[in-house]
Amino acid sequence: MSGLYEEALEVMPGGVNSPVRSMAAIGRDPIFIERGEGAEIVDVDGNRYVDWVCSWGPLIAGHAHPDVVAAVQSAAARGTSYGAPTSRETDLAKQIVERMPSVQMVRLVNSGTEATMSALRVARAATGRDRIVKFAGHYHGHVDGLLAAAGSGLATAGIPASPGVTQAQAADTAIATWNDRASVEGVVDESVAALICEPLPANMGLVPADDGFLDFLREATERVGALLVLDEVISGFRCQLERPAADLVVMGKVIGGGLPLAAYGGREDLMRLVAPAGDVYQAGTLSGNPLATAAGLATLRLLDDDAYARLRATSERLATGLAALDERVSVVWRQGLLTPFFRGTAPRNYDQARACEIEAYAAFARGLLERGVYPPASQFEAWFPSLAHTDEHVEQAIEAAKAALSEL
């Protein structure tokens, strides 16, 4: 496998196409995957792992689910891209509007970053304002103005912001502290176009909102005429959580079923500002790609109340089992998501999350990999249980975790 990594280093920055895949944060070379089967992945050397990453969230049904594979194969046989409308785009848009609160109209795009960038453009056009408020530790894709104090890969690499972002772009972004009402009140005023947040933050590890905090954000934005934008790229269609009414919503991951697809949507009056209905320009050659919409529709059809109940049960079993192993580890979980934090108490914001024992998590992750369990290669990423995970997979993970913790 080292030979593959050496080859990759010659032609790709860091040998990967997304930073956290490098596994540098846990002190090892990346694992090259050959195939995925249900809740498991197999590397190029034939080693099998129980996969708790699941492509960082899209694979809520597991790898290569028969319904998703069949839908993609059928779509591919008819052509991979048309650059023209298809009925499946409308079908998927209807599903999103039906299932996602606050979304009355939607535009399909290709990535969460593209969806965030486009949603904020709409917000600025609608309000005639420039400034955006975000939270430290919340990651909204690699949009220039939102990389300050971002979580996820930036936190993993220890990068506070990104070179190449202009001072003007950074100046239009104000940073607030998650779960801190005073910090929000200090930056939300009549100059703000929108406040964007993850309603269930999962890019500094899983750090849920305090009771009433999301409603407070709704009230704070309404008071000054700013828009509330919820980034549901991770939480959307995975977690059944209480949300305040949003003006705009950013979506991704699950709605593409493992293929590149994202979306932004919201109030009809706001979305009618988008070209060609309005003057806010946004376009994409592959937006609404027929393979991606087929995979997304097939995935959403699997997600009924029974499926969500099973996902919640799996998440709870894994979280409870991990939490019982070691008092040094605090496990935070919600349906379909969890994070074992290497600190005595669960964090409430980004600074507390960064105070975790990062090296301990790295050693823990290496120990899991040695025992056939594939965790996120970062303390700041969430684990993603899927419908394909069984009780046996949960027990294997808990036993591997017990052994890995004993070596710390």
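Start by selecting Ser287, which sits in the loop between helix H9 (268–271) and H10. Keep in mind as you look around that this is a predicted model. Is Ser287 buried or exposed? With a relative accessible area of 19%, Ser287 counts as buried, because the cut-off for that label is under 20%.

Now show what surrounds this serine. Leaving out residues up to four places away in sequence, Ser287 touches Glu89, Leu108, Val109, Asn110, Glu114 and Gln282.

Next, step along to Asn289. One of its side-chain oxygens comes to within 2.9 Å of the backbone nitrogen of Leu291, at the start of H10.

Select all of H10, residues 290–301. Its 12 residues should span 16 Å at 1.5 Å a residue, and the end C-alpha atoms are 17 Å apart, which agrees. How much of H10 is buried? The count is 11 of the 12 residues, so the helix is largely enclosed by the rest of the structure. Among the buried ones are Pro290, Gly296 and Leu300. To see what covers them, bring up helix H2 (66–77), helix H3 (87–99) and strand E4 (105–109), which are included in that cover.

For the last stop, colour the open four-stranded sheet, ordered E1-E2-E3-E13 with mixed pairing. Strands E1 (33–37) and E13 (373–374) are at the edges with a single partner strand each, so one side of each has no neighbour in the sheet. Zoom in on E3 (residues 48–51), which runs parallel to E13 and is joined to it by two bridges. Here, Asp51 stands opposite Tyr374 of E13.

Technical notes:
Residues numbered from 1 in each chain as written. Predicted model: local features only at pLDDT ≥ 70, side-chain atom pairs only at ≥ 80, totals over all residues. Heavy atoms only, no water. Expected span 1.5 Å × (residues − 1). Buried < 20%, exposed > 50% of the residue type's maximum accessible area, 1.4 Å probe, protein only. Contact = heavy atoms within 4.5 Å. Polar contact = N/O pair within 3.5 Å; in protein donor to acceptor, adjacent residues only side chain to side chain. Pairing = 2+ DSSP bridges.
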